Amino acid sequence: MKSPRNSRTTVAVLDAAIDALTWDEAVQRIARWSAGRESRYVCACNVHSVVTAGNDSRFLEAVNSADMATPDGMPIAWALKRLGFPNQSRINGPDLMWRLLARAQADRQPVFFYGSSPNTLSHLQPRVSAAFPELQIAGALSPPFRALSDEEDRSIVSTINESGATIVFVGLGCPKQEKWMADHRGRIQGVMLGVGAAFDYHAGILKRAPGWMQEFGLEWLYRFEQEPRRLWRRYLATNMVFAIRFARQLLFSTRPKRAQ
């Protein structure tokens, strides 16, 4: 039986099991896993990922098998509020990454950046080092934008493990990063966190929405204005599907699940 401190409270938002927890609980739990160099993974779930998971069984399994799935998008946090957790905060990938970098510096835990492009990583590392001068950056790697061979995959796993990193930030995009983390739990000797576009934000490649837009759940609109051609189909489809499916869900009582 696991210790009570490892217990979780998850809530079904559509088909995805999302953790109801505070910022402190999220950071403390991940820091504890990192200190023990436990092979675990964390998903940050927004509307797009929750809706996509309903249409992709492998992706849904990756989310529901995660050691933690945080309410990344404001609508997901609102959903948890409606489902019995009125004080739930939005725990998003970029801010979670930044808080964990600070904690990793304090705890002297090395970190690794995996994903995105070589250009993004070349901008990300000096910015992170400037903000956290005592942080140990164990390495950074941008994989090819194609399926990896078994040999390439083994090489990447060896590189990450031999670096000594206890926290691995994964920026491969949704749903690729979640599937990658699920496939590599037990192989990567540290905590993996899927942080989506966080690398681009912290590298200064993309600008984040103003705080008030994030608070009112309008970050998607800000991102749409930056990349309309790439994102219009995603937001038109997923936002409408989420609104309709969650309205149906509210017709039924969904109790939180206590997982030990």
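Modeller: Helices (DSSP runs of H or I, at least four residues) and strands (runs of E, at least two) are numbered from the N terminus. The model is a predicted one, in which local features need pLDDT of at least 70 and side-chain atom pairs count only at pLDDT 80 or more, while totals for chains, interfaces and linings use all residues. Residues are numbered from 1 along each chain as its sequence is written, and side-chain values use heavy atoms, leaving out hydrogens and water.

R108 has a positive phi, near 55°, although R108 is not a glycine. With a relative accessibility of 57%, R108 counts as exposed. Exposed means over 50% relative accessible area, buried under 20%, and partly exposed in between, computed with a 1.4 Å probe on protein chains only.

L96 is buried, at 3% relative accessibility. Leaving aside residues up to four places away in sequence, L96 touches W23, V27, I30, T70, I91 and L193; contact here means heavy atoms within 4.5 Å. Although L96 and L193 are 97 residues apart along the chain, 9.2 Å separates their C-alpha atoms.

On the question of pairing, two strands pair if DSSP finds at least two bridges between them. Strand β3 (residues 40-45) is joined to β8 by three bridges, and the two run parallel. V42 has L193 as its bridge partner in β8. Strand β7 (residues 167-171) also runs parallel to β8, joined to β8 by four bridges. Here F169 stands opposite L193. Between β7 and β8 the chain passes through helix α8 (residues 176-184), forming a right-handed β-α-β crossover. Right-handed means that, with the strands pointing away from the viewer, the path from the first strand over the helix to the second runs clockwise. P175 is found in the loop between β7 and α8, and the peptide bond that leads from C174 to P175 is cis, with omega near 5°.

Both β7 and α8 also belong to what covers the buried residues of α7, as do β5 (111-115) and β6 (137-141). Helix α7 (residues 150-163) has 14 residues and reaches 20 Å from first C-alpha to last, close to the expected 20 Å; the expected span is 1.5 Å times one less than the number of residues. Its buried residues are D153, I156, V157, I160 and N161. They lie on the same side of α7, because they cover an arc of only 125° around the axis, the arc being that of the directions from the helix axis to the C-beta atoms. The face turned away from this buried side carries the exposed residues E151 and E162. After α7 comes G164, with a positive phi near 85°.

W23, V27 and I30, touched by L96, are among the buried residues of α1, as are A26, R29, A31, W33 and S34. Just after α1, R37 takes a positive phi of about 50°.

The wider setting can now be given. A nonpolar core is a set of buried Ala, Val, Leu, Ile, Met, Phe, Trp, Tyr and Cys residues joined through side-chain atoms within 4.5 Å. The largest has 38 residues, of which V13, I18, V50, Y114, W180 and F242 touch the most other members. Another core, of 29 residues, lies apart from it and includes L21, I30, W33 and A198. In soluble globular proteins, nonpolar side chains tend to be buried together.

As a whole, the protein has twelve helices and nine strands, and 48% of its 260 residues count as buried. Of the contacts between residues at least 6 apart in sequence, 74% join residues at least 24 apart.
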